[in-house]
Amino acid sequence: MGRFDGRVAFLTGAASGIGRATALRMAEDGAVVVGFDRDGDGLAEVAGLVEALGATVSTIVGDVSDRDECHAAVDHAVATHGRLDILANIAGVAWGEHVADVTAEGWNRMLAINVSGVFWCCQAALPHLVETRGNIVNIASNAGLMGQAYTVAYSTTKGAVVNMTRALAMEFAKEPVRINAVAPGGVVTSMTRNYSMPDDVDFSLVRPYMGFREMADPAELANVIAFVASDEASRMHGAIVSVDGGLTAG
Ligand SMILES: NC(=O)c1ccc[n+]([C@@H]2O[C@H](COP(=O)([O-])OP(=O)(O)OC[C@H]3O[C@@H](n4cnc5c(N)ncnc54)[C@H](O)[C@@H]3O)[C@@H](O)[C@H]2O)c1
């Protein structure tokens, strides 16, 4: 018996990195996995890996920043699999820049994906999750818990995810649903491999959010996301769980 047997998990950002590792972790534990991502090739690869584990998977290519696409994707998942038990909002984008270089286009794009995308999926999924006594795991960041130089837009979005999680937890405090967030520190994924930062940064301002340990493997995050989404975490509601090797501890 797997801890997610008979449960349906809807994962945004499932095509890569933490989302991909979470899809595999939950599939190993018996979940039906629905991956929602703009990267169709990545989704297809993950679907193949999930099927190789003997689990059921379906994929939806779309953009989390579009409210209608989020609602349609959640509706499709419920229509296909009959229920929804877990929403993990993992999709996100990040880049570094000087405050003076932030453009309206970049600012709006970062907020649309990292904040609005999380909210639209929560809005769409909550009625179904209340029905199944399910739960939401939002992916925040250490950047949502501390001020980070050269990432003002990203830090703003992740701070918003932290307080969105708390606000939703309060509004649904009397409903049979749990809403939590996991806040990673650095993780080795395509996001960090391709991370762009201006050449002329003051490194002493960057050092405080690099921590003292090596970066995490995506599977280490997937383990915690799966735990928070499982019945073992039945008492967790409105929690922001740091998984950052001590980065935000001091
Ligand atoms: N990697 C880290 O160091 C780190 C640290 C803290 C928080 N996070 C957060 O973890 C989450 C996952 O990041 P990752 O490191 O696995 O990155 P990643 O780039 O490997 O994966 C992100 C996924 O999100 C998808 N995505 C991006 N924009 C999308 C959109 N508009 N619609 C649908 N899908 C979209 C991408 O296609 C990709 O599959 C993000 O929310 C990120 O902010 C990552």
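**Entry 1: Arg-133**

I started with Arg-133, which counts as partly exposed because it has 13 C-beta neighbours inside 10 Å. The cut-off for exposed is 12 or fewer, and for buried it is 20 or more. I noted right away that I am looking at a predicted model.

Next I looked up where Arg-133 sits: it is in the loop between helix 4 and strand 5 (135–139). Then I checked its backbone. Arg-133 is not a glycine, yet its phi is positive, about 55°.

**Entry 2: Glu-175, across from Arg-133**

I followed Arg-133 to Glu-175. The two are 42 residues apart along the chain, and their C-alpha atoms are separated by 8.4 Å. Glu-175 is in a loop as well, the one between helix 5 (152–171) and strand 6 (178–184). I counted 13 other C-beta atoms within 10 Å of Glu-175, so I wrote it down as partly exposed.

**Entry 3: Tyr-150**

I found another positive phi at Tyr-150, near 65°, and this residue is not a glycine either. Tyr-150 is in the loop between strand 5 and helix 5.

**Entry 4: two residues of helix 4**

I moved on to Trp-120, which is found in helix 4. Trp-120 has 23 other C-beta atoms within 10 Å, so it is buried. I left aside its neighbours within four places in sequence and listed what it contacts: Val-64, Arg-67, Cys-70 and His-71. I also looked up Asp-66, which is 54 residues from Trp-120 along the chain; their C-alpha atoms are separated by 7.9 Å.

Gly-117 is in helix 4 too. I marked it as buried because 26 other C-beta atoms lie within 10 Å. With neighbours within four places in sequence left aside, its contacts are Thr-12, Val-64, Ser-65, Cys-70, Ala-91 and Ala-112.

**Entry 5: helix 4 against helix 5**

How do helix 4 and helix 5 lie relative to each other? The axes of helix 4 (residues 104–132) and helix 5 come within 9 Å and cross at roughly 20°. Angles under 35 degrees count as roughly parallel, so I noted these two helices as roughly parallel to each other. The crossing is right-handed.

I wrote out who meets whom. Helix 4 brings Gly-106, Trp-107, Met-110, Leu-111, Asn-114, Val-115, Val-118, Phe-119 and Cys-122, and helix 5 brings Ala-153, Tyr-154, Thr-157, Lys-158, Ala-160, Val-161, Met-164 and Leu-168. Sorted by class, I get 13 nonpolar, three polar and one charged in this contact.

**Entry 6: helix 1 and its partners**

I took helix 2 (residues 40–52) as a partner for helix 1. They pack at an angle of about 20°, with their axes 9 Å apart. That makes helix 1 roughly parallel to helix 2. Helix 1 passes helix 2 in a right-handed crossing. Arg-20, Ala-23, Leu-24 and Ala-27 of helix 1 meet Val-46, Leu-49 and Val-50 of helix 2. The contact divides into six nonpolar, no polar and one charged.

Then I turned to helix 8 (residues 218–229). Its axis and that of helix 1 come within 8 Å and cross at roughly 55°. I therefore recorded helix 1 and helix 8 as oblique to each other. Here too I noted a right-handed crossing. Among the contact residues are Gly-17, Ile-18 and Arg-20 of helix 1, and Pro-218, Ala-219 and Leu-221 of helix 8. By class I found nine nonpolar, three polar and two charged in this contact.

**Entry 7: around the ligand**

Which residues come nearest to the ligand? Of the 29 residues around it, I listed Gly-13, Gly-17, Gly-92, Thr-189 and Met-191 as the nearest. Helix 1 (17–28) and helix 6 (190–193) are the elements that give two or more residues to this shell.

Definitions and conventions:
Residues are numbered from 1 along each chain as its sequence is written. This is a predicted model: local features need pLDDT of at least 70, side-chain atom pairs count only at pLDDT 80 or more; totals for chains, interfaces and linings use all residues. Helices (H or I, at least four residues) and strands (E, at least two) are DSSP runs, numbered from the N terminus. A residue is near a molecule or strand if its C-beta atom, placed from the backbone, lies within 6 Å of it. Axes are lines fitted to C-alpha atoms, for helices over the stretch in contact, and angles run from 0 to 180 degrees between N-to-C directions. Angles under 35 degrees count as roughly parallel, over 145 as roughly antiparallel, 65 to 115 as roughly perpendicular and the rest as oblique. A crossing is left-handed if the near helix is turned anticlockwise from the far one by less than a right angle, and right-handed if clockwise. Two residues are in contact if their C-beta atoms, placed from the backbone, lie within 7 Å. Ala, Val, Leu, Ile, Met, Phe, Trp, Tyr, Cys and Pro count as nonpolar, Asp, Glu, Lys and Arg as charged, and the others, Gly among them, as polar.
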